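Please keep the sequence and the model in view while reading.

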Amino acid sequence: LNHVVGKLVKNSNYSLIYSCSYLFVFKKAPNITSLNEKPLPLQEYFSFEGNIDYNLMPGLSIVSFEMPKEVAKGNNFTLKTVYKKLENTSIDSFILYTSFKHIDSGKLYQIANLPSFGIKPLSEWSEGNYYEENNSFVLPQKLPIGKYNVFIGATNNLKTYNIYVSDITLK
């Protein structure tokens, strides 16, 4: 499945219009972030200057994170996360995802991270290298407006790890 999703992410004739959990909806339309204009949404680096050091799980740290503070309903926004794959650990069976927890209601909404799911899964990440993942999200129209806590998580269905990274306001 991840190879099919990866082909759509890389195809400049399709754009992401909806994503929730493991559901990704693409529209056959020119992609405003086509590969001719921007690099792939998952890039590998040998060195990177991070501004944070959050241990997400054994074997994986978050070294940089960027996201808008507010977004309008139905609008596309980008979450940029840079990870470092640590040495001598296995993260092969894990997938990354992002969770949005509504502060008032406590309801949780999760989306699989498309670049590391569809382009280069964690099983192919090299030890000691950095991975910049640019997630393009469109939160569903049905979500209530308000403030959300944002978490980055990793799971293999036996173990799950989550770490709080920021807040976002949905207007």
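## Terms and basis

Strands here are DSSP runs of E with at least two residues, while helices are runs of H or I with at least four residues, and both are numbered from the N terminus. By that rule, Lys85 belongs to strand β7.

The model is predicted, so that local features need pLDDT of at least 70 and side-chain atom pairs count only at pLDDT 80 or more, although totals for chains, interfaces and linings use all residues. Residues are numbered from 1 along each chain as its sequence is written, and side-chain values use heavy atoms, with hydrogens and water left out.

Is Lys85 buried or exposed? Lys85 counts as buried because its relative accessibility is 3%, where buried means under 20% relative accessible area, exposed means over 50% and partly exposed lies in between, with a 1.4 Å probe and protein chains only.

Setting aside neighbours within four places in sequence, Lys85 is in contact (heavy atoms within 4.5 Å) with residues including Gly59, Leu60, Trp125, Glu127 and Tyr131. The C-alpha atoms of Lys85 and Leu60 are 4.9 Å apart, although 25 residues separate the two in sequence.

## The nonpolar cores

A nonpolar core is a set of buried Ala, Val, Leu, Ile, Met, Phe, Trp, Tyr and Cys residues joined through side-chain atoms within 4.5 Å. The largest one has 31 residues, of which Leu56, Leu60, Phe100, Trp125 and Ile152 touch the most other members. Among the elements that give two or more residues to this core are β4 (54–57), β5 (60–66), β7 (76–85) and β8 (95–102). A second, separate core has eight residues, including Val9, Phe26, Ala112 and Ile119.

Apart from neighbours within four places in sequence, Leu56 is in contact with residues that include Tyr83, Leu96, Ile152 and Ile163.

Two strands are said to pair if DSSP finds at least two bridges between them.

Strand β11 is mostly covered, since seven of its ten residues are buried. It also pairs with β8 in the antiparallel sense over eight bridges, and there Thr98 has Ile152 as its bridge partner. Strand β12, for its part, pairs with β6 (residues 70–71) in the parallel sense over two bridges, where Val71 stands opposite Leu170.
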